[in-house]
Amino acid sequence: MLSGIDYVVVIAYLVGIMILGLYFARFVRSADDFFLSGKSLPFWAVGMSIVVTDISAMDFVGVAGQSYRFGISVGNFDWLGSVPAMLLAAFIFIPYFWKAGVYTIPEYLGRRYNDGVRAVASLCWIIFFAFDLGVLFWAAAVMFEPLMGWDPWFSIIVTAVVVGVYTFFGGLTAVVMTDVVQMVIMFVGGAAVVVVGLYHAGGWGGLVEQISAMGDAYQNHFELVQPADTQTPFPWTGILFGLTFVMSNAYMIGNQAIVQRCLATKSLWHAKASMLVGAFFKMFIPLLVMFPGLIALAAYPGMADGDQAFGTLVKNLLPPGLRGLLFAGFLAGLMSTIDSFLNSTATLWTKDIYERFLKKNASSRHYMIVGRAATVMLLVFGVLTAQLTQHFSGMYVAIQTFMSFFQGPVFSALLLGMFWPRATQWGGLVGVVGGIAVSVLFNVLVLLDASLFTIQDPFLYISWWSFVVGAGLNVIVSLMTARHSEQRLSGLVCRLPRDLKSNSGAVPC
Amino acid sequence: MLNFEWLKGVSPAAAKGIFLGIFVVSGLLVLLIPKAYIYEGVESPRWWHNLKLWALGVLAIIFTIYSIF
């Protein structure tokens, strides 16, 4: 249980973050303000927001658990699995979307291919975000119960009210600006565990010495690059093909929650710079989420469940006050992900489904109200489904697996759409749907123990192959169907200018 | 084929070389970006607006991490 001073820290954080978020409500007067902050955000705020949107409290527990079991190779996800993709996003994709003036990535896919591709991509993200909200709310309840002694329902409602109020009134601006504060709190709280833990382990040298002395099974614990035939989920082949080439690009370039805040920056330079700031801060994430697992391994070897590593460390090492700070950091990570998912899902619903298929040409204020209504509906949905997570322990894994179903195929459509003028609307649709079908098929076969893959959890390989199948189908079907005119593709494919007559607006990609 | 068996003969040290190569190639590509494109959206460019420097800084850090581990 937390002590008195810890309670003060946590309550002060909750109240402070709600007041800060509400302050930004005064700037929201239209759909543009609500969804894209009126294109006014500075690069530093967006860069910091990208980092905390990507990292949630689950990462502290999950990644620490994986580093406890498999060592530092899990750090590949935030290093090789992020930085090259973020550079690619910064210099090629984000400027393109920013200039195109789109609100969502599916909106671009709709313009480039057809409404079918837009609807499939948008619905996949909406389903993923909506169900993930339930998991995140339940994670809040699980965190509050042992430390604050709060009933799970009470914890869920408190989290929903705090996040919901500022996201409802303040839109994306409130989300991003609270994310800035949340990133600072998350970094300070996480660093407290690492510093105290390393001190107890005798510094970095002591940590390496203790773990290396544990025997042959731990000899690769400090190797980022694992052999291709490793039994861990991180063989270098999976890291290169599945993570670096597909998943990281699909995430940093195709994820609405990440890209939307870059589209809300005040200029093209700010859009590019925001991704680079995000890449810089992202490189520190493994230190915060991976080191606690290594420190726990040195201090408490032989734990049956690696996911207990982080909690055990906090319980045994941190003094009162610091525990409250860490808990606030945990909450910051959690709430920053919830608010981003809420706002991005509301944007996807309003722009890609409601405006496109249900009510066209309404006023900007009307769409802002629809976005706010969607935020409330999602909050209610998240709160109600949070209880489901309690009964289905595999919910979090299932939702993450669902994301690996569509990320690769959607990214293949994005890539071919931007760089290959010959890609047609039917190629795009068959590529996305066919790629998702192959992902589902692979996962079903893995569940049935078809011995298709040699590693424990082959999601990296499945992402790669679903991307390859999606791209292949797109190419084959495109070549069999009528090509689109240059007029239709202008401004949507690299080097095809928006205005064909004056040759203006071409992006040098 | 699904498990990339044909790459099992490649040692982790050689694989690390491939990873480091990705960072080097990324850096070279960053250097090739036209200056005008980098400063697009800036009214009066200063040296710190040069996003090539930012990108190269990030790549230098990650190159160092992979060189050590």
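Which residues does A:L109 touch, not counting residues up to four places away in sequence? The residues are A:N114, A:V117, A:A121, A:V410, A:A413 and A:L414, where contact means heavy atoms within 4.5 Å.

The structure is a predicted model, in which local features need pLDDT of at least 70 and side-chain atom pairs count only at pLDDT 80 or more, while totals for chains, interfaces and linings use all residues. Residues are numbered from 1 along each chain as its sequence is written, chains are lettered from A and ligands numbered from 1 in the order in which they are written, and side-chain values use heavy atoms, with hydrogens and water left out.

Helices (H or I, at least four residues) are DSSP runs, numbered from the N terminus.

A:M418 lies in helix 18 (residues 395–419) of chain A. Its relative accessible area is 0%, so A:M418 is buried, the term meaning under 20% relative accessible area (1.4 Å probe, protein chains only). Not counting residues up to four places away in sequence, A:M418 touches A:I92, A:F93, A:Y96, A:F97, A:Y108, A:L492, A:V493 and A:C494.

**Interface between chain A and chain B**

The contact takes 45 residues from chain A and 33 residues from chain B. A:F91, A:W236 and A:W269 supply 21% of the area that chain A buries against chain B, more than any other three residues. Buried area is the accessible area (1.4 Å probe) that two parts lose on being put together, summed over both.

| Feature between chain A and chain B | Value |
|---|---|
| Buried area | about 3,700 Å² |
| Share of buried area from carbon and sulfur atoms | 79% |
| Salt bridges | two salt bridges |

One salt bridge joins B:E40 to A:K272, with the closest N and O atoms 3.7 Å apart; the term denotes a side-chain nitrogen of Lys or Arg within 4 Å of a carboxyl oxygen of Asp or Glu. On the side of chain A that touches chain B, helix 12 of chain A gives the most, with eight residues.

Definitions and conventions
Helix = DSSP H or I, 4+ residues; strand = E, 2+ residues; numbered from the N terminus. Buried < 20%, exposed > 50% of the residue type's maximum accessible area, 1.4 Å probe, protein only.
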